[in-house]
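I set out to record what I looked up in this structure. The entries follow the order in which I took up each topic.

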Amino acid sequence: MRASLGHVRDLPGSKAENRAEPWAHLGVNPETFAPIYVVPAGKQATVRDLRQLAAKADRVLFASDMDREGEAISYHLGRLLGVAQPVRMVFTEITGDALQAALRATRPLDLHLVAAQEARRVIDRLVGYGVSPLLWGSVGGKLSAGRVQSAALMLAAQREMARMRFTPATFWSIRADLLTRPRFTATVTHVRSSEFPQGRPIARAGDYTQGGALKGSVQVLEMTDEQARALSAYLDGREATVSAVKVTETRSRPAPPFITSTLQQAGGRLNLSAKQVMDTAQRLYEGGFITYMRTDSPALSDEAEALREARREATRLFGPAAVPAQPRQYATRNRTAQEAHEAIRPAGTIWRAPDAAGLSGADLEVYTLIYQRTVASQMTDAVFDRTAVTLTCGAATLGAQGRVLKEPGFLQLLQEEDAEPDDQRLPPLQPGQQVPLKARPPEGKKTSAPARFTEATLVQAMEKAGIGRPSTYAQTLATLQTREYVRLTGRHLAVTAVGLLVATYLARQVPEVMQKDFTATMEAGLDDVAAGGTTRVAYLTRFWTEGLSQTIRRASRDAPSLPLPHLEGTRLRATGSGPHLVRGGQSVPLPPAVIPADLDAAQADAVLQGTWTAKKARSARERPADEGGAPRKRRAALPRKASGRS
């Protein structure tokens, strides 16, 4: 067995053939969509070795991944090695049993999948080579655009603009400790007055728009600081009367097994980037530890005994009561998902417990996540008793909630997965009971700006919008950062000045590439090609010849200019020397380290005066949560019962 290490043929990076043709720089004839394929310089030695091995072999089998990229790799290898009718073997895990089963179920090459991959590669080349020169002439520099990366950039830029338009609103939280055993804390929810004898709810964060105004249909009491302090002082030392106690049973279901996007999101708990998670998963897959890691299906295969093995592991760890009577099956809610593969799970029919797998470092952490998530997905619900208490003290109504775990279910394995920050244990209480209060100082709070995306939440947003596929998420994030369209600040992705100007230009001149619905429709078209529902040429004609190419031809190359909504009279402007800050009649180059959304008026003036300096980076302990300063969530340790196999 010998690996090709990915694609062995691709479109040329320069005018390799047909130099006289006006489309030679594309590597694709835009009239017929006929591609030119070359063997990249870095793959020529690999191809030479494979040709020599194939010439000596009695039989050549192609075992690349079972998605459209893998099918195309087998197709191109077959052409280069002179194999007239390539024979495919496909598997989702690298174990002896899986490989033997694949050898017994070989199949011909799926040319529909090959056509879909070729269509994807051609459209990406046409979009990239068609739109990127527009950016060179308008924004400046060797910038790039792409079918997936530009739509992902728009998601991040829209969030950044929302942060700049955000106006905080102030509201008050008035709380008191109830001196019972155990103590608990209640919050004032309503206040009665002569004007509102039935009481008005106190304003909360969710009552305000991002512009800092009350939502139109909301009727709440906006307290002043004097009113808040007076109410807190009134409550202190008095007794509250329990007016209602409501106990309800709630259930928490285990999450489905991992798919590509949710694994990348969970990797953030290990301080791993999306690319690091996927690189680690690739090693685990190649080592025979997990199944194929590019999938958007959360289902476990019953044929491969995955369901039964997950239930066996849960039973081994925690006894027969740990699993429900029937296996759990999960289906995706994503309408654009391709469910050809099963979920990411431990490989084989007998799974290795993490501490018996011989792994270490990131490999062990990621394998433990996958093992625990898969086993937990087949365990029983966690059951809680949730208690809601309502109390009155004079004109004030207070409320408190508590939650007590009654049956741990899957939380035996994932102890911290379902924790809620405001969980508290409430004592037994009866309506009419008098309870002494000790008021806490009133807290003046401000509504929070929309949080920047992390890598994990941007992947989640891309998946929800139908932008890209599991195989593209990590590379898209890496490209956005390599091009310096976004920059990591803590764990969050801040959009740079270049990123904002690129997004502004594309949204105005080539809006299709920035629209998530357009991108998702293109993905659906590729799926249709893969299923044989349409041809590659018909797909490309519809999306390129009759669509995007005409928009590109009409696009202006005017330099974009973007007002910064949080700084009056201030804007970003693209110039040949890079982004400029325009303010008060002055235009100066913007230092590359400046994140426009983080500028305040004083810093903007410092940029104009040439005295701006970057703030010293703070530690994670010092940073607010929105800057990525939230402490790392500790992964629950694997229970002792999980070690080894009995």
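Conventions. I worked from a predicted model, in which local features need pLDDT of at least 70 and side-chain atom pairs count only at pLDDT 80 or more, while totals for chains, interfaces and linings use all residues. Residues are numbered from 1 along each chain as its sequence is written, and side-chain values use heavy atoms, with hydrogens and water left out. I took helices (H or I, at least four residues) and strands (E, at least two) as DSSP runs numbered from the N terminus.

Entry on strand 5. I looked up pairing (at least two DSSP bridges between two strands). Strand 5 (residues 175–178) runs antiparallel to strand 6 (residues 184–191), with 4 bridges joining them. The two form a hairpin with 5 residues between them, and Arg175 stands opposite Thr187. Strand 5 also pairs with strand 11 (residues 434–439) in the antiparallel sense, over 3 bridges; there, Leu178 has Leu437 as its bridge partner.

Entry on helix 5 and helix 13. I found contacts (heavy atoms within 4.5 Å) between residues including Leu153 and Met161 in helix 5 and residues including Val502 and Leu506 in helix 13.
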